[in-house]
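Trainee: Could we go through this one together? I'd like to start with the charged pairs and then look at the rest.

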Amino acid sequence: MQRIWVIAGFLCAVGLLSTAIGTYGYRQALLQLSEKAAADLELASDRLTSQLQVYQELAVLMSAHPDLMSLDDPASISRAQALLLDVADKTAAVDVLFAGRDGRVLVAAQEVLSGDVSDHPAFERAMQGSLGSSHGVLSAASGQNYTWVSPGGANRIYSYAAPAFGSDGRVRGALMVIADVEDVERTWRGSTEAVFFVDHAGLVFISNRSDLLFWKRPEGQIGLIPPGENREFSATQIGPYELWHLGWGPYLPRTALHLSRELPVIGMTGEVLMDVGPARRLAALQAAAVAAICLAFGAFLFLATERRRTLADANAVLESRVAQRTCALTAANTALRREVAEREEAEAALKQAQAELVQAGKLTALGQMSAGISHELNQPLMAIRQFADNGAAFLASGKDGKARENLGRISDMAVRMARIIKNLRAFARNESEPMGKVDLVQVINTAVELTEARLRSENVDLQWTPPETSVFAWGGEVRLVQVFVNLINNAADAMSDHEERLIQVAIEQGDRLAVTVRDIGPGIEDPEKLFEPFYTTKAVGSSEGMGLGLSISYGLVQSFGGNIRGVNADKGAIFTVELEYFKEGKAA
């Protein structure tokens, strides 16, 4: 029960704090909105007054134009009308006219108004020697300017009248400039918040929202009503800010901040409605953020407390289970250590067996090549003996030149025998070597030399043209030699029953290094089992091998990060060994 009261109190405190933060944030947002609304209203007011001032100055300047001084004959009237028409076209005025003291229009650009403007408020003011101005709605049917008529079929105009003085200093007439209000407000309509201008009669005469035009403010009220209707309206005061609650259509905010500004220059009051929705959302977001932080902190404290209590309860149960689990884990750990030791021993035995298989493959290849190698060594030995006997005879007869020639031949034969023995020793050595930079051309040359004797004895023609420059691959030199010796020997074995025997070895340099070994034998019987251990197509009990050569070669090439594959060609088979290029800085 106590826990429930604590939670309820905490939630009440969070609610009060969030409300206070939301209220403060709302007032701060209203302050920013008020500054922006005032700036927008000032900008719209300045834009309107500056645009109307153009027509005011035009009226003052044109009133003293020489072409308007004398309008007594048709020629001067025609000239004056052309002048006024040109001015109206260039300034986008609805009409520019000149009227005499009696109000009769003497000349006009468009003749928008009727022939008599004596009752026009702006004209009446001009006849007093001052600049006059007025606004109203021009009826299309009658051409009369009124302060208020129904907006249907009417244009809003703003008129300026400047007095024209005669040589005696008396007012002899007035020049009137009539501006189209809609043309003036077209440049800023919809570009800001809802801005409207109300005249002294409470009529909305200019606005960037056409929905508000001709709305009227009843005397003694602050709201507006449309002609012949009654729309929802109420106002509230939050500190120094006046908020209007509206239901005036989709293009006006439902709740807006209202500001006004007097514009005595044009005889109107500028007003703006700034939507307070963003301010409300910002304040609500601030309140929600504070509430979320407080609730998260409270939840964290509650969970921490509950966790401590739960942990205390679970600790006793846990301690009782620890002893039981310790015994079980000790037994499992002992069994796991024993299993790991057994796996390590099995892995070591497997590596030893693999090494022995590789060495067995080497020795098998050496056994196949033994007869040819013996011939290769015996032939130089017999030549050395013959050259030695000849050298002794030449020395005895005093032919030192001939003797030196024979000794040079003996040295060449010894070098040849040393190279053969060196390759055999390196090939037969049972030791691992680190991977690194390998001259692929030298590797293939060594494999060709090791198999040369056998191929010659079996009349196998080997075509191998080394590239002019060295090609370096990533791998182990001795193991790569074993791979190519196995491939060349397998190719020779495959053609043992053929009269024509040909092996082609080539290096291809593309994205990866590739060495191809091609024969013209019967091809591969079962490519899927080609690299399986103990797979062979030789007769059972044959002394030529146990089917491990290609399997060993496959494993060696895979250890270098390469690949080996065999496919049948139109005649014979093609084995391709793919290797990586050597790159500086690559770790072995």
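Mentor: A search of the whole structure turns up twelve salt bridges, each being a side-chain nitrogen of Lys or Arg within 4 Å of a carboxyl oxygen of Asp or Glu. Keep in mind that this is a predicted model, where local features need pLDDT of at least 70, side-chain atom pairs count only at pLDDT 80 or more, and totals for chains, interfaces and linings use all residues. Residues are numbered from 1 along each chain as its sequence is written, and side-chain values use heavy atoms, with hydrogens and water left out.

Trainee: Which residue does Lys 90 meet in a salt bridge?

Mentor: Asp 86, at 3.3 Å from N to O. They are four residues apart in helix H2 (residues 74-91), so about one helical turn separates them. Helices here are DSSP runs of H or I with at least four residues, strands are runs of E with at least two, and both are numbered from the N terminus.

Trainee: And is Lys 90 buried or exposed?

Mentor: Lys 90 counts as exposed because its relative accessibility is 67%, while Asp 86, at 36%, is partly exposed. Buried means under 20% relative accessible area, exposed over 50%, and partly exposed in between (1.4 Å probe, protein chains only).

Trainee: Switching to strands: in what order do the five strands of the open sheet come?

Mentor: The order is E14-E16-E17-E19-E18, with mixed pairing; two strands pair if DSSP finds at least two bridges between them. E14 (461-464) and E18 (563-568) are at the edges with a single partner strand each, so one side of each has no neighbour in the sheet.

Trainee: How many bridges join E14 to E16?

Mentor: Four, and the two strands run parallel. Gln 463 has Gln 504 in E16 as its bridge partner.

Trainee: Which helix packs on the sheet, touching E14 and E16?

Mentor: Helix H7 (residues 440-457) does, and it also touches E17 (513-519) and E19 (573-579). Contact means heavy atoms within 4.5 Å. The direction of H7 makes about 170 degrees with that of E14; axes are lines fitted to C-alpha atoms, for helices over the stretch in contact, and angles run from 0 to 180 degrees between N-to-C directions.
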